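Dear colleague,

I am handing over the structure we spoke about, and below it I have written out what was found in it. Please read the notes with the model open beside them.

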Amino acid sequence: MTAEMNIFRYFEDRVEAALKALEKEGALPAGLDTSRVAVEPPRDPSHGDLSTNAAMVLAKPANMKPRDLADRLAAKLAAEEAVTEVSVAGPGFINLRLNTGFWLARIPEMLRSGPAYGASELGAGEAVNVEYVSANPTGPMHVGHVRGAVFGDALANLLEKVGYRVCREYYINDAGGQIEVLARSVLLRYREARGEAIGAIPEGLYPGDYLKPVGQALAATHGGDLIEGNDEAEALRIAREAAVEAMMELIRGDLAVLGITHEVFFSELSLHRSGAIEETVKLLEDKGLIYVGVLEPPKGETPEDWEPRPQTLFRSTQFGDDADRALKKSDGSWTYFAPDIAYHHDKFRRGYRTLIDVWGADHSGYIKRVKAAVAAITDNGAEIDVKVCQMVRLFRNGEPVRMSKRAGDFVTLREVVDEVGKDAVRFMMLTRKNDAPLDFDFVKVKEQSRDNPVFYVQYAHARIHSVLRNAAEAGYDLSDGALANADLSKLGDEAELALLRLMAGFPRQVEQAAIAHEPHRIAFYLDDLAAAFHALWNKGKDDASLRFIREDDRDATLARLVLIRAAAYVVAAGLGILGVEPTEEMR
RNA sequence: GAUCCCGUAGCUCAACCGGAUAGAGCAACAGAUUUCUAAUCUGUCGGUUGCAGGUUCGAGUCCUGCCGGGAUCGCCA
């Protein structure tokens, strides 16, 4: 159930109706394809409130000149009750201007919806799986993971907002060589906990102190039996399980600090154990997509140890990949790719027809093969979109923060959040398109100025609440009922309407962002919205009659309080998608 | 060598899966505001959208080829 109107969708229907009427009059041929007809905000607001391309899109099939068709259509649209002005411009755009009453009528919708404003039924309850983070469980999360984590989470929120049923999922890489290294590292910490002098951590093992408690816990539960009572493989198995469990606990805690909770944690190891990999490979084999062959060496610099070798390969080239891909290593064990195919297969079998993977840029070379695999397994029965997040460059007051790969010298997620706060981190991570690199400056995200969008948007929200507090103190009744009954006809200044029009465009912005899988658009929208509010606020300084609270006019005051109450809801709704708490007071 | 991403105002970036005269912020310059809690607002300046072709009524957007930057490149994850 949607409480509010998507004005663009509404006018698409009106345009459609006008076209039908023209058809009936014989002015247009029957059966025109109107799927490309769109109603959009004009690029330049001075053109009007709404714009449609109908005449240009339909001119050719209707065998008419665009301008002629536009004139006919414009005449019809001029009869719409909400329309005050229609013009035909450029190559055949029809621009509409709507009356103030139409805009004002959107305000009660916003009040009713509150922070839920912008929700829609676009997704129609369809199940979507969003896999993100999926960091290797070998240690705490570091800053490199943060962007993907925030992006994936905001995207999930966004899709939920428009009516998809979203599963937030984390793929635990608990089966590979790095996990063996982790197990050995933990075993060493175990011996350390048993009182052995282990000296420096050998090269190739994880040196971090965060493994010490795992070793201590093993010592507490197993005493000396872990190594003495087991063969090495068994000891490693026990250490590995304890280590993965502990690391996932660590990671869950890190994610919680960012406000992120996954519904499903999916273990790679479980695919190895259940036979799911064999099953999926068999499926591909039955389709004739598996063979044993020798790959060409990569062009350019040939690796020194390269030698032709027969391998079990998947014919991903049949699905657009550049080379067929190995499923088995030379020792006969599975590559990373094989269980990953089984994993995506599993998602498909759980009913997901839209899969979204969020990866770091360093994995972009892997996209084609996964898309190929999904296409093969599902017979093109699923959509997969892989969203790649580019690097985050860390700065402190303009100076790059250098991180070496050496132990303990990376910046952890917790350090970042501890220093600047969850909300600032989340917002800042969404101020760039996912596939563009992002600069993150520890000092600038805390700056209270126009160039810091985190502050700027929060301040708009806080400013509104400040005004509302003052109004309440001055005796205004700000209850839902009182606001709902206010006489809004007192509104009408251009700055007020500019703000309102922007607010009313929010549902569409949300839908567009959701369709594009681009949550950053919400952050940009919020910056625009905040700008419109601050502009209005400042107008009250030039012209006292535009102040929100006017002692000489209680009706006008109440109408404005309603407007900004609604504006605060829209800000809160947008921030909600980003996973950021709206602030009611700046300190 | 191949693949993917990026290239837009001096700087940082938008541009709604092809629309109009390509928009914001910062910086610079000129103003307003001692406040409905200050950190805000208004205006001016600023462009051959890397280059060259192509498709289209229309291209920053799609296609081809170059140039430049980044990432990745048989068994890692």
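**Domains and overall build**

The domain assignment of chain A gives two entries, domain 1 (7-98) and domain 2 (448-578). Their centres, taken over C-alpha atoms, are separated by 31 Å, and the contact between them takes 7 residues from domain 1 and 5 residues from domain 2. Please keep in mind throughout that this is a predicted model.

As for the chain as a whole, the secondary structure of chain A comes to 22 helices and 15 strands, and the C-alpha trace spans about 85 × 65 × 40 Å along its principal axes. Of the 587 residues in chain A, 51% count as buried. Among the contacts that join residues at least 6 apart in sequence, 74% are between residues at least 24 apart.

**The nonpolar cores**

Which residues touch the most other members of the largest nonpolar core? They are Ile107, Phe440 and Leu526, in a core that counts 153 residues. Helix H22 (residues 554-578) gives the most to this core, contributing 16 residues. Because domain 1 (7-98) and domain 2 (448-578) both give residues to the core, it lies between them.

In helix H12 (residues 276-286), the residues Ala276, Ile277, Thr280, Val281 and Leu284 are buried. These residues cover an arc of only 130° around the axis, and therefore they lie on the same side of H12. As a general point, an α-helix has 3.6 residues a turn, so residues three or four places apart point the same way.

What covers the buried residues of H12? The cover includes helix H11 (268-274), strand E8 (290-294), strand E9 (310-314), helix H13 (337-349) and helix H14 (367-378). Just after H12, Gly288 takes a positive phi of about 75°.

Strands E8 and E9 also belong to an open sheet of 3 strands, which has the order E8-E9-E10 and antiparallel pairing. In that sheet E8 and strand E10 (325-326) stand at the edges with a single partner strand each, so one side of each is left without a neighbour in the sheet. The antiparallel strands E8 and E9 are joined by 5 bridges, and one of the pairings to look at is that of Tyr291, whose bridge partner in E9 is Leu313.

**Cysteines**

A search of the whole structure finds 0 disulfides. Cys167 is in no disulfide, and the nearest cysteine sulfur, that of Cys389, is 19 Å away. Seen from the other end, the closest cysteine sulfur to that of Cys389 is the one in Cys167, and a separation of 19 Å is too far for a bond. Cys167 is buried, with a relative accessible area of 5%, and Cys389 is buried too, with a relative accessible area of 5%.

**Single residues to look at**

Glu40 lies in strand E1 (residues 39-40) and, at 40% relative accessibility, counts as partly exposed. Leaving aside its neighbours within four places in sequence, Glu40 is in contact with Phe8, Leu50, Ser51 and Arg508. Glu40 and Asp435 are 395 residues apart along the chain, and their C-alpha atoms are separated by 26 Å.

Asn63 has a positive phi of about 60° although it is not a glycine, and Asn63 is found in the loop between helix H2 (54-62) and helix H3 (66-77). Ser134, likewise a residue other than glycine, has a positive phi near 45°, and its place is in the loop between strand E5 (127-131) and helix H6 (143-161).

Which of these counts as exposed and which as buried? Asn63 counts as exposed, at 71% relative accessibility, whereas Ser134 counts as buried, at 13% relative accessibility.

With best wishes

Conventions:
Residues numbered from 1 in each chain as written. Chains lettered and ligands numbered in written order. Predicted model: local features only at pLDDT ≥ 70, side-chain atom pairs only at ≥ 80, totals over all residues. Heavy atoms only, no water. Core = buried A, V, L, I, M, F, W, Y, C linked by side-chain atoms within 4.5 Å. Buried < 20%, exposed > 50% of the residue type's maximum accessible area, 1.4 Å probe, protein only. Helix = DSSP H or I, 4+ residues; strand = E, 2+ residues; numbered from the N terminus. Domains from an automatic or database assignment. Arc of directions from axis to C-beta. Contact = heavy atoms within 4.5 Å. Pairing = 2+ DSSP bridges. Disulfide = S-S within 2.5 Å.
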